[in-house]
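Dear colleague,

Could you please look over the structure below before we discuss it?

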Amino acid sequence: MPIDFKKQQQDLYQPKTNASIVDVPEMVFIAVDGKGDPNTSEEYAAAIEVLYGLSYGIKMSNKAILEYVVAPLEGLWSVDGEYEGCGISEKDKFYWTALIRQPEFVTAEIFEAAKTALAKKKSKLDTSKARLVKITEGLCVQAMHIGSYDDEPTTIAAMEQYAAAQGYTIDMSDIRRHHEIYLSDPRKVAPEKLKTVIRHPVRNRKI
């Protein structure tokens, strides 16, 4: 049976709507950085195409190593260098890192081979912006947000209140940022039914 991160690690990919504290281990990602409104930015659309092109290329080329389900799209967000919260009213100021998690067997060599293959298949795509990275988020507060992306502040406020009640403080930085995991396809799911994991890094106030 193919490995599916969403099923094997439900604590990370299927949290409840009530906030919880999790310790997120090191993971391997393909990442593309950019700036601008994801709803209108050609750069963001191209980044997503590159991420999926590489992820499915790696999956299809390495079936003998591991059968798995391609992980959901994720995003790290900030606004003009501000990390405390993510102001949704000025989307053109977003700085983002679009991500798709990869299995542990994906090495730099496998990644570069996938980039070469995708560049040959779709020569107009700029694969040079894609990078293979390892990220360890560590302690975070998270919750499942159900609804429009524009309604996230309500969920975020509840998360921050929960974290404070448990003795934690939000710990944003250029490395530890507002994190979203997209479990629904906005092209197929009504805004009020979208499922998005929202995750914010925290630290113990006593440390």
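What follows is a short account of the salt bridges.

This is a predicted model, in which local features need pLDDT of at least 70 and side-chain atom pairs count only at pLDDT 80 or more, whereas totals for chains, interfaces and linings use all residues. Residues are numbered from 1 along each chain as its sequence is written, and side-chain values use heavy atoms, with hydrogens and water left out.

The structure holds 10 salt bridges, a salt bridge being a side-chain nitrogen of Lys or Arg within 4 Å of a carboxyl oxygen of Asp or Glu. One of them joins Asp-150 to Lys-91, with 3.0 Å between the closest N and O atoms. Asp-150 lies in the loop between β4 (131-146) and α5 (152-165) and Lys-91 in the loop between β2 (73-79) and β3 (94-102), so this pair ties together parts that are 59 residues apart in sequence; helices (H or I, at least four residues) and strands (E, at least two) are DSSP runs, numbered from the N terminus. Asp-150 is partly exposed at 42% relative accessible area, while Lys-91, at 19%, is buried (buried means under 20% relative accessible area, exposed over 50%, and partly exposed in between, with a 1.4 Å probe and protein chains only).

Glu-137 pairs with Arg-199, the closest N and O atoms being 2.9 Å apart. Because Glu-137 lies in strand β4 and Arg-199 in strand β7 (residues 195-204), the pair ties together parts that are 62 residues apart in sequence. Glu-137 is buried at 13%, and Arg-199 is buried at 2%.

Finally, Asp-171, Arg-176 and Arg-203 are linked in a network of salt bridges.

Best regards
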